Amino acid sequence: HHFRVEGMLTRFTRLGKAILPTLILVSTGTMLAGALIESFNFDFQGAAALVLQLVGVSPQRGYSLLSLAEEISSSAADPHNIGVLFLQAIFILFTLGMPLAHLASMLFLWLVPLTLKQQHFVFRAVEIFNAWSAL
């Protein structure tokens with residue numbers, strides 16, 4: 001496909017066509033890895049730390065995105081309550097599902113031959129996934 005840039009027809013080289021999907025796949029891999037590794041800590045101090053230590057709980061606790069999602073249900077009195085499971089699903093949808101959908105839709109837009117009308121439709125979906133993944 002040729003693009004008009006400042007009055008000149010240009011196009012991507014083979015290397016240029018390969019770089020974007022590669023970067024999207026690398027981004028997907030790093031995002032998934034980031035969801036699995038411990039990325040933040042809660043460090044209780046003062047009286048809260050003393051109480052936690054008295055009951056045998058460490059005042060420092062590290063979380064990954066997925067371990068935090070697991071803690072949503074385990075911290076509830078009834079972990080199988082529909083409200084708790086719904087909250088957990090919404091958390092995972094917005095923190096992992098939407099960003100993955102954004103990357104997948106960008107890859108789809110880049111790799112699949114589409115008409116201009118179809119490109120506009122998919123581009124709108126890409127922008128919607130981007131907006132919802134930023135919440």
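Buried residues make up 19% of the 135 residues in the protein chain, where buried means under 20% relative accessible area, exposed means over 50%, and partly exposed lies in between (1.4 Å probe, protein chains only). Keep in mind that this is a predicted model, in which local features need pLDDT of at least 70, side-chain atom pairs count only at pLDDT 80 or more, and totals for chains, interfaces and linings use all residues. Residues are numbered from 1 along each chain as its sequence is written, and side-chain values use heavy atoms, with hydrogens and water left out.

Let's look at the overall build. The protein chain has five helices and four strands, arranged from the N terminus as β-β-α-β-α-β-α-α-α. Helices (H or I, at least four residues) and strands (E, at least two) are DSSP runs, numbered from the N terminus. The C-alpha trace spans about 70 × 30 × 20 Å along its principal axes. The radius of gyration of the protein chain is 22 Å, while a compact globule of 135 residues would have one near 14 Å; the radius is taken over C-alpha atoms, and the globule rule is 2.2 Å times the number of residues to the power 0.38.

Now for the aromatic rings. A pair of aromatic rings is described by the distance of the centres and the angle of the planes. Rings of Phe, Tyr and Trp (its six-membered ring) pair if their centres lie within 6.5 Å; planes under 30 degrees apart count as stacked, over 60 as edge-to-face and the rest as tilted.

| Pair | Centre to centre | Angle between planes | Type |
|---|---|---|---|
| Phe12 and Trp110 | 5.2 Å | 80° | edge-to-face |
| Phe40 and Tyr63 | 5.8 Å | 25° | stacked |

Phe40 lies in strand β3 (residues 40-43) and Tyr63 in strand β4 (residues 60-63), so their pair ties together parts that are 23 residues apart in sequence. Phe40 is partly exposed at 31% relative accessibility, whereas Tyr63 is buried at 10%. Together with Phe42, Phe40 and Tyr63 form one aromatic cluster.

Which residues does Lys17 touch, not counting residues up to four places away in sequence? Lys17 touches Phe12 and Trp110, where contact means heavy atoms within 4.5 Å. Lys17 lies in helix α1 (residues 14-36) and is partly exposed, with a relative accessible area of 43%.

Gln88 is buried, at a relative accessible area of 15%. Leaving aside neighbours within four places in sequence, Gln88 is in contact with Ala69, Glu70, Ile72 and Ser73.
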